[in-house]
Amino acid sequence: QVQLVESGGGLVQSGGSLRLSCAASGRTFSSQIMGWFRQAPEKEREFVSATRWSGGVTDYSTSVTGRFTISRDGAKNTVYLQMNSLKPEDTAIYYCAATSKPFLGDTSPWLYEWAYDYWGQGTQVTVSS
């Protein structure tokens, strides 16, 4: 089992920045993939970004590319999502997720919810215009 706890959400004005954190505990491993997803009101949950603890995976959705940066601190078992130039359309609950399999290969399973077995409770991000 892996436990995930997100923090860092809040209310920010358009153009502002926030940094989300996801602290992982339990059965983490170096090839595990950590992802960020978000769900806006009345919308499906969507992929935002992903990384692997050991490196080799860094991916972003097109809507956040160039504005968001994912990073990790293996010593702290924490993944971060630095969000800059925030827009009202970034308003959503942001979820941290972790895989139980390494998914080594050429495909990009980290884009999809089905690849993740562990989820945090989510943290609310609200961007005002």
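This is a predicted model: local features need pLDDT of at least 70, side-chain atom pairs count only at pLDDT 80 or more; totals for chains, interfaces and linings use all residues.
Me: Why is serine 49 called buried?
Reply: Buried means under 20% relative accessible area, exposed over 50%, and partly exposed in between, with a 1.4 Å probe and protein chains only. Serine 49 has 0% relative accessibility, so it counts as buried.

Me: Where is serine 49 placed?
Reply: Serine 49 is in strand E5, residues 46-52. Strands (E, at least two residues) and helices (H or I, at least four) are DSSP runs, numbered from the N terminus.

Me: Which residues is serine 49 in contact with, leaving aside neighbours within four places in sequence?
Reply: Contact means heavy atoms within 4.5 Å. For serine 49 the list is Met34, Gly35, Trp36, Asp59, Tyr60, Ile70 and Leu81.

Me: Why is arginine 67 called buried?
Reply: Its relative accessible area is 11%, so arginine 67 is buried. Arginine 67 is in the loop between strand E6 (58-60) and strand E7 (68-73). Beyond four places in sequence, arginine 67 touches residues including Gln82, Met83 and Asp90.

Me: How do you know that E4 and E9 pair?
Reply: Two strands pair if DSSP finds at least two bridges between them. Six bridges join E4 to E9, and the strands run antiparallel.

Me: What else is E9 joined to?
Reply: Three bridges join E9 to strand E11, residues 123-128, again antiparallel. Isoleucine 93 has glutamine 124 as its bridge partner in E11. Two bridges join E9 to strand E10, residues 118-119, also antiparallel. There, alanine 98 stands opposite tyrosine 118.

Me: What makes strand E9 mostly covered?
Reply: Six of its seven residues are buried.

Me: How many aromatic pairs are found in the whole structure?
Reply: The search finds six. Among them, phenylalanine 37 and tyrosine 116 have centres 5.2 Å apart and planes at 80 degrees.

Me: Why is the pair of phenylalanine 37 and tyrosine 116 called edge-to-face?
Reply: Rings of Phe, Tyr and Trp (its six-membered ring) pair if their centres lie within 6.5 Å; planes under 30 degrees apart count as stacked, over 60 as edge-to-face and the rest as tilted. At 5.2 Å and 80 degrees, the rings pair and are edge-to-face.

Me: Why does tyrosine 116 count as buried?
Reply: Tyrosine 116 has 5% relative accessibility, so it counts as buried. Phenylalanine 37, at 1%, is buried as well.

Me: How do you know that arginine 45 sits over the ring of tyrosine 95?
Reply: A charge sits over a ring if NZ of Lys or CZ of Arg is within 6 Å of the ring centre and within 35 degrees of the ring normal. The charged end of arginine 45 is 4.8 Å from the centre of the tyrosine 95 ring. Arginine 45 also lies over the face of tryptophan 119, at 3.9 Å from the ring centre.

Conventions. Residues are numbered from 1 along each chain as its sequence is written. Side-chain values use heavy atoms; hydrogens and water are left out.
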